[in-house]
Amino acid sequence: MAPSLEAPEPVEDVLANPLKQKPQLVAPEPEHCPGPESQQAGTADSCAGCPNQAICASAPKGPDPDIPLITSRLAGVKHKILVLSGKGGVGKSTLTAQLAHALATNPDTTVGVMDTDICGPSIPKMLGVETETIHVSGAGWSPVWAMDNLAVMSIQFMLPNRDDAIIWRGPKKNGLIKQFLKDVEWGDLDFLLVDTPPGTSDEHLSVNTFLRGSGIEGAVVVTTPQEVALLDVRKEIDFCRKAGIKVLGLVENMSMFVCPKCTHATEIFRATTGGGRALAEEMGIPFLGAVPLDPRIGMACDYGESFFDSFPDSPACVALKQVVRGLAGQIGLDPNEVVPEG
């Protein structure tokens with residue numbers, strides 16, 4: 001007989017209370033139990049004499065009291081955008097860094113990047129601030145400024161050694177993400193880009209819950225052309241719909257390899273089922289564009305430099321600007337004001 005998973009929690013309950021840990025009971029719930037997570041848990045008349053009474057009475061109840069603090073802290077942030085993908089290795093962090101650089105090419109725009117990939121923080125390296133540290137003041141934690149108008153926050157700034165592994169369970173990750181939102185002095189931002197790890201679990205539920213009060217503009221979903229990536233991206237889009245997150249659009253990353261010398265395009269990851277464009281049409285979401293695979297993007301990320309400054313006329317740079325303009329249109333902004341021509 002094939003093994004089976006334990007009975008899953010109802011999706012609605014997980015999304016409504018994503019950070020709440022169910023109490024670990026020492027005995028079955030009695031017949032007239034009000035429920036271990038109810039407001040009356042441990043205090044109702046029917047709880048008298050129950051072995052679980054002390055456990056239920058001490059379990060946290062009600063909404064997170066820090067959410068209003070987060071909402072107040074982020075009051076100056078106009079647009080909060082998640083960068084998601086169910087699949088690892090599709091270039092979420094790379095795309096986040098390039099979106100940040102593209103938005104920051106407008107000197108009148110202030111951009112923040114929050115790295116919630118707790119176990120694999122690569123944003124500081126890509127933005128050239130890997131060796132920086134966080135400054136703490138009475139007003140809170142100060143983000144690291146990669147440019148005059150580009151701020152960054154990541155766990156990488158807190159590590160004694162850049163190669164130290166972060167071996168944490170979900171609740172500790174959730175706690176740090178909350179601190180990034182509640183304690184960081186983000187100030188007035190036009191855009192806050194939230195880079196996430198692959199999947200549909202702790203970090204994603206935390207960000208969605210903490211930002212719900214202050215409002216999430218939506219999510220940019222990233223894929224590569226092959227069906228192996230699209231399989232997991234479909235799950236991410238389903239997560240967004242169930243969690244009430246608007247999908248602003250889909251970006252196909254590494255769509256083709258463009259030779260830096262002759263600009264000839266070669267399909268490295270063959271789109272056997274139509275790629276990102278076909279998936280966007282299938283799922284009824286906007287297709288923001290296809291970004292070619294250009295080795296110079298990888299070099300720019302390794303050196304922490306802006307690809308837009310170094311190769312402004314490259315096909316990848318043109319495609320990335322088109323993605324940003326499409327994203328601007330989805331959130332009701334003038335694309336030419338967000339990323340000016342020239």
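Buried means under 20% relative accessible area, exposed means over 50%, and partly exposed lies in between (1.4 Å probe, protein chains only).

**Ground rules**

I am working with a predicted model, where local features need pLDDT of at least 70, side-chain atom pairs count only at pLDDT 80 or more, and totals for chains, interfaces and linings use all residues. Residues are numbered from 1 along each chain as its sequence is written, and side-chain values use heavy atoms, with hydrogens and water left out.

**Overview**

I looked up the secondary structure and found 13 helices and 11 strands. Helices (H or I, at least four residues) and strands (E, at least two) are DSSP runs, numbered from the N terminus. The protein has 342 residues, and buried residues make up 48% of them. Then I turned to contacts, meaning heavy atoms within 4.5 Å. Among contacts between residues at least 6 apart in sequence, 74% join residues at least 24 apart.

**Salt bridges**

How many salt bridges does a search of the whole structure find? I got 14. The term means a side-chain nitrogen of Lys or Arg within 4 Å of a carboxyl oxygen of Asp or Glu.

I started with Lys78 and Asp190, whose side chains meet in a salt bridge at 3.3 Å, N to O. This pair links distant parts of the chain, 112 residues apart. Lys78 sits in strand β1 (residues 77-84), and Asp190 sits in strand β7 (residues 189-195). Lys78 is exposed, with a relative accessible area of 56%.

Next I checked Lys125 and Glu130. Their closest N and O atoms are 3.6 Å apart, in a salt bridge. Lys125 is partly exposed at 34%. Glu130 is partly exposed at 22%. Salt bridges that share partners join Lys125, Glu130, Arg162 and Asp163 into one network.

I also logged Lys182 with Asp183, a salt bridge with its closest N and O atoms 3.2 Å apart. Asp183 counts as buried, at 18% relative accessibility.

**Gln156**

Where is Gln156? I found this residue in the loop between β6 (150-153) and α6 (170-182). Is Gln156 buried or exposed? Gln156 counts as buried because its relative accessibility is 9%. Its side chain reaches the backbone oxygen of Arg162 at 3.4 Å. I listed the contacts of Gln156, leaving aside neighbours within four places in sequence: Pro121, Pro124, Glu130 and Arg162. Two of these names, Glu130 and Arg162, also belong to the salt-bridge network.

**Thr96**

I found Thr96 in helix α4 (residues 92-104). Thr96 is buried, at 0% relative accessibility. Which residues does Thr96 contact, leaving aside its neighbours within four places in sequence? I wrote down Val83, Val113, Ile123, Leu193 and Asp195.

**Helix α6 against helix α7**

I followed α6 to its packing with helix α7 (residues 202-211). Their axes come within 9 Å and cross at roughly 35 degrees. Axes are lines fitted to C-alpha atoms, for helices over the stretch in contact, and angles run from 0 to 180 degrees between N-to-C directions. α6 passes α7 in a right-handed crossing. Right-handed means the near helix is turned clockwise from the far one by less than a right angle; left-handed means anticlockwise.

On the α6 side, the residues that meet α7 include Ile177 and Leu181. On the α7 side, I noted Val207 and Phe210 among them. By class, the contact has five nonpolar, three polar and four charged residues. Ala, Val, Leu, Ile, Met, Phe, Trp, Tyr, Cys and Pro count as nonpolar, Asp, Glu, Lys and Arg as charged, and the others, Gly among them, as polar.

**Helix α8 against helix α9**

Helix α8 (residues 227-243) and helix α9 (residues 275-283) pack at an angle of about 35 degrees, with axes 11 Å apart. α8 passes α9 in a right-handed crossing. The contact is made by Leu230, Val233, Arg234, Ile237 and Arg241 of α8 and Gly275, Gly276, Leu279, Glu282 and Met283 of α9. I sorted these residues into five nonpolar, two polar and three charged.

**Arg277**

My last stop was Arg277, in helix α9. Arg277 is exposed, at 57% relative accessibility. Leaving aside neighbours within four places in sequence, Arg277 is in contact with Glu252 and Phe287. Arg277 and Val251 are 26 residues apart in sequence and 8.5 Å apart in space, C-alpha to C-alpha.

How values were computed
A polar contact is a pair of N or O atoms within 3.5 Å; within protein, one must be able to donate a hydrogen and the other to accept it, and residues adjacent in sequence count only if both atoms are side-chain atoms.
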